[in-house]
Amino acid sequence: MKKISRRDFVRSTALLAAIPYAVPSFGREIMGNVESGIVENASKDILFGVITSANNPENDLKIVKDLGFDSCQLSVGTYSSELAKRLSATLAKYKLEVASLTCMGPGDYKWNLTEGPKTIGLVPREYRAARTERLMHGIDFCKEAGIPAVHAHFGFIPEDPNDVLYKEFIEVMKPIAEHAVKQGIEIHFETGQETPVTLLRAIQDIGTGNLFVNYDPANLLMYGKANPVDGLKVIGKYVKTIHAKDGTYPVNPNELGSEIPIPNGDVNFPALVASLKKLNFKGNFIIEYELGEQSKDYLLKTKAYLEKLIAAK
């Protein structure tokens, strides 16, 4: 099987220089108290992690553990039984939990509002067969490695349920999801290209019971699809993983909004965490930063900021 390039932002968690940024009013007080160290009394039902490659799990996962994280989201180039065994052993060694295996490709993905609909996920007909095969292999790899879920961007799912592309997408997803059921694997939809209502409809129409959500609040803003706090009212019960990422709404109809370091963007993280508490969320916060390499300073500051929000009464 050919190696597949993950999105440009997926890299090993390198220990780089700090990322300077200002703190807006709703986050300034909390961030001022968490310049270093782990906040006590954060919920033990929520784990914090990072995105990392796992082509060399012995090295890649050691970095995650050395940073003090208990969880991660993985991507690998080529699926093999040998790598699955190495990965499983290394995860056990470092006592790391995996939220999911990112499984996308092959083919080019255009992360904008004009070319994205014809290049991202399983909605475009051109890429369906190869990407379906990739997902099937990813599900089998998860089974071998002991990873609970695959996750991906599945495309600009049409909002109109009568759209032929919507109907085709549901029919394409059903055998993939059924195969995942047989293997005991979940499928997590990453939010972004579709509205929360459309994603809810798709999950229910596919109807295999193993479909959940990787909730990226920044993506909902950057694609102009929803306010992330309100979006939880629609699909909150399906959320298994949160991408801790911040951003702004698009002002150019052809381009996504901008990613901004937490908590500088338009995602109201205090309100988001409060809503997750009401939903009794138990899962993973995966810190994602697409502007460059994920620095130790940014990762740890963001982790401490979120832990403080979670621990607050």
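Biologist: What does Lys110 count as, going by its relative accessibility?

Modeller: Lys110 counts as partly exposed, at 31% relative accessibility. The cut-offs are under 20% relative accessible area for buried and over 50% for exposed, with partly exposed in between, using a 1.4 Å probe and protein chains only. Please note that this is a predicted model, in which local features need pLDDT of at least 70 and side-chain atom pairs count only at pLDDT 80 or more, while totals for chains, interfaces and linings use all residues. Residues are numbered from 1 along each chain as its sequence is written, and side-chain values use heavy atoms, with hydrogens and water left out.

Biologist: Which side chain does Lys110 meet in a salt bridge?

Modeller: That of Asp108, at 3.1 Å from N to O. A salt bridge here is a side-chain nitrogen of Lys or Arg within 4 Å of a carboxyl oxygen of Asp or Glu. Asp108 is also partly exposed, with a relative accessible area of 43%.

Biologist: How many salt bridges does the structure hold?

Modeller: The structure holds 13 salt bridges. One of them joins the side chains of Lys240 and Glu186 at 2.6 Å, N to O. That pair links distant parts of the chain, 54 residues apart: Lys240 belongs to strand β7 (residues 239–244) and Glu186 to strand β5 (residues 186–190). Strands (E, at least two residues) and helices (H or I, at least four) are DSSP runs, numbered from the N terminus. Lys240 counts as partly exposed at 26% relative accessibility. Elsewhere, salt bridges with shared partners join Glu58, Glu82 and Arg86 into one network.

Biologist: Which residue forms a salt bridge with Asp66?

Modeller: Lys62 does, and the closest N and O atoms are 2.7 Å apart. Both residues are in helix α2, and because they are four residues apart, about one helical turn separates them. Asp66 counts as exposed at 55% relative accessibility, whereas Lys62 is partly exposed with a relative accessible area of 39%.

Biologist: And which residues of helix α2 are buried?

Modeller: Helix α2 (residues 57–66) has Pro57, Asp60, Leu61 and Val64 as its buried residues. Seen down the axis of α2, they fall within an arc of 85°, so they line one face of the helix. The arc is that of the directions from the helix axis to the C-beta atoms.

Biologist: What do those buried residues of α2 pack against?

Modeller: They pack against β1 (47–53), β2 (71–75) and α3 (81–94). Just after α2, Gly68 takes a positive phi of about 95°.

Biologist: What about Asn280: what is its phi?

Modeller: Asn280 is not a glycine either, and its phi is positive, about 60°. Asn280 sits in the loop between α9 and β10 (284–287) and counts as exposed at 52% relative accessibility.

Biologist: Changing topic: where is Pro106, and what is the peptide bond from Gly105 like?

Modeller: Pro106 lies in the loop between β3 (97–102) and α4 (128–145). The peptide bond from Gly105 to Pro106 is cis, with omega near 0°. The bond from Ile262 to Pro263 is likewise cis, with omega near -5°. Pro263 is in the loop between β9 (259–260) and α9 (269–278).

Biologist: How many helices and strands are there in the protein?

Modeller: There are ten helices and ten strands. Of the 313 residues, 55% count as buried. Among contacts (heavy atoms within 4.5 Å) with a separation of 6 or more, 77% come from residues 24 or more positions apart. The protein exposes about 13200 Å², and carbon and sulfur atoms supply 50% of that. Accessible areas come from the Shrake-Rupley method with a 1.4 Å probe; for residues, only the protein chains shown count as cover.

Biologist: What pLDDT does the protein average?

Modeller: The average is 88, and 85% of the residues score at least 70; pLDDT is the predictor's confidence in each residue, from 0 to 100. Over residues 1–42, however, the pLDDT is below 50, and this stretch has 109 contacts in the model beyond near neighbours in sequence.
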